[in-house]
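Here is a short report on nonpolar cores and aromatic pairs. Please keep the sequence and the 3D view open while reading.

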Amino acid sequence: MSSRSDQGDSRPGIQTEFGEQGYTIVRGLFTRAECLKALASIFWNRGAMPSGWYKEGALSNPGIFCVARSDRIVEELARVLGPDIILWGARLIIRRPKGVHPWHSDAESASSSGFASVWVGLTGTTRDTSLKLVPGSHKFGAPIQQLATENNVAREDITDQVIADWSTTYGPRSQIAQTDLGNGDALIFDGRLWHGSDNTTLARFRTCLLLQYARADVPVRVPDNDYSWPWEYRANRRPQCLVVSGEADSETNRILPGPVVMRQKSPQSVSTRISAVQTDHPNLGSRGFRSYGLIEGATPDLRYMESHYSALAPGASPHRPHGHSQEEILVVVDGEAELVVEAAAGSDQFRKLRARPGAIIYYPSNWRHTLTNPGDRPVTYLMFKWLTDESQSKKTLQNVLIEGLADGRRPQVRKRTGLGMKILLEDQTHYLRKLHAHRTLIAPGQGYASHADAYDIGIVLFQGKVETLGQEVEAPAFVYYAAGEMHGMKNIGDQVADYIVFEFHGKHGEAYIPLGGKIAKAVRDPRLVVRFAKDKLQQLFDSRL
């Protein structure tokens with residue numbers, strides 16, 4: 001599910017509406033075809049069950065995770081939660097005909113603001129199967145479970161009339177609102193809101209995703225007494241959370257990386273990698289070229305990421321000018337290279353660019369290029385190559401060369417923090433919603449605290465010695481953190497650490513599925529996915545995915 005085109009902010013009052021009413025509705029967040037594709041992806045991953053708490057479906061099911069971190073959802077949530085957002089609960093819900101989810105308030109988010117849940121209808125979503133709620137009830141200060149206990153009313157006996165009677169004691173004008181949602185619509189609501197749902201149809205199954213988020217600085221805790229009132233919380237019972245936007249620290253909540261998206265070219269998945277980069281190459285063979293693999297595979301944010309470094313003897317070239325589907329960043333680590341680059345995509349004209357250590361060049365997909373070594377000693381260079389969702393925007397980054405270690409790009413180290421940072425590159429690419437690069441300096445003895453980011457990070461260390469994740473590494477070196485991986489860094493050497501950071505912000509939300517088989521056919525023909533869904537609904541309902 002790629003992002004919608006930029007249509008401007010047509011609902012500027014979403015924050016006010018959410019604050020006053022406790023909910024807001026986003027119409028047409030996903031198309032019908034996208035809903036079916038997402039459901040097919042979830043079905044395909046149905047064997048990946050939550051290992052612990054039943055709301056942790058996003059940790060093990062890439063289909064759920066892809067929707068949960070969709071740019072469309074995150075952009076809406078940022079208006080009410082801010083830029084740093086975690087996902088703490090996610091599950092697919094199947095409501096049978098005449099099925100009822102009794103009135104309740106969400107226990108996990110009952111203690112404070114800073115929470116938002118997103119209910120997305122996938123199939124069978126109509127007014128008769130949508131949520132009902134009491135607008136403004138998040139301000140009542142009393143969850144439904146508390147009132148039920150105080151009035152000795154069993155959960156199954158909490159009828160609409162009971163809710164109407166209770167709500168008028170907090171606001172004479174309070175009343176029940178029946179939402180009228182369709183497939184692809186989203187209800188964003190405060191978990192403290194009084195809400196429930198009935199499937200009043202006779203033969204229609206309704207499927208939806210319930211995705212539960214919080215600000216990254218808000219602690220999320222799970223009741224320890226099977227959700228019966230009064231709720232009791234234990235500080236050490238923390239759900240596993242995923243970063244979907246910005247960053248999160250490791251103290252407030254338990255942060256884990258999400259599942260990898262469907263593996264494209266490699267059976268491996270990419271996590272953290274820390275490695276020295278060799279610059280002494282006594283024997284490069286008859287070709288005058290050697291390559292050293294670093295990482296390859298899928299990450300929680302990218303369908304495919306590969307990185308390696310290579311050495312090239314004087315006068316040698318690794319290959320003729322070529323292009324490939326992956327986008328690429330090349331970084332000169334040691335020595336000097338002459339880059340041979342197309343003047344324009346698809347042209348037969350090439351330009352030659354000299355690149356010194358610290359130079360970075362971006363190659364768009366299918367932009368032909370090669371390089372030679374014009375010097376008298378080997379040149380060492382490192383590459384990142386990636387694939388992910390394709391952007392619909394035509395305004396994407398073109399081929400660009402940046403001298404990352406040039407004197408004019410040296411950041412100033414702040415005395416208070418011992419850190420300095422200067423942005424080198426930031427733009428949208430064909431595959432990334434943002435490709436960002438900056439140069440960082442860390443004074444001896446300084447560093448930054450452990451945290452997790454919602455995107456992949458690659459680092460090339462040019463000077464100094466650092467410690468990260470308990471491992472020491474000295475320049476030149478390569479460090480990679482997959483999205484959601486906790487990481488920090490400290491300069492343990494006696495000189496300033498100097499490195500370039502690359503942030504790979506995936507498009508977020510594509511529902512990756514196999515290219516063949518029953519599910520792929522179902523996605524191409526909505527009638528087949530409905531038939532397939534009916535066969536699996538009971539299985540999914542019983543498993544409480």
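## Nonpolar cores

The largest nonpolar core has 37 residues. Within this core, I73, L77, L87, V118, L209, L211 and Y213 touch the most other members. The model is predicted.

Take L77 as an example. Leaving aside neighbours within four places in sequence, L77 is in contact with G82, I85, A116, V118, I188 and Y213. Another core lies apart from the largest one. This other core has 33 residues, including L294, M305, L382 and V460.

## A stacked tyrosine pair

How many aromatic pairs does the structure hold? There are twelve. One of them joins Y292 and Y309. Their rings are stacked, at 4.6 Å centre to centre, with 10° between the planes.

Y292 sits in strand β14 (residues 289–297) and Y309 in strand β15 (residues 304–312), so the pair ties together parts that are 17 residues apart in sequence.

Are these two tyrosines buried or exposed? The cut-off for buried is under 20% relative accessible area. Y292 has a relative accessible area of 12%, so Y292 is buried. Y309 is at 5% relative accessibility, so Y309 counts as buried too.

Methods: Residues are numbered from 1 along each chain as its sequence is written. This is a predicted model: local features need pLDDT of at least 70, side-chain atom pairs count only at pLDDT 80 or more; totals for chains, interfaces and linings use all residues. Side-chain values use heavy atoms; hydrogens and water are left out. A nonpolar core is a set of buried Ala, Val, Leu, Ile, Met, Phe, Trp, Tyr and Cys residues joined through side-chain atoms within 4.5 Å. Buried means under 20% relative accessible area, exposed over 50%, partly exposed in between (1.4 Å probe, protein chains only). Contact means heavy atoms within 4.5 Å. Rings of Phe, Tyr and Trp (its six-membered ring) pair if their centres lie within 6.5 Å; planes under 30 degrees apart count as stacked, over 60 as edge-to-face and the rest as tilted. Helices (H or I, at least four residues) and strands (E, at least two) are DSSP runs, numbered from the N terminus.
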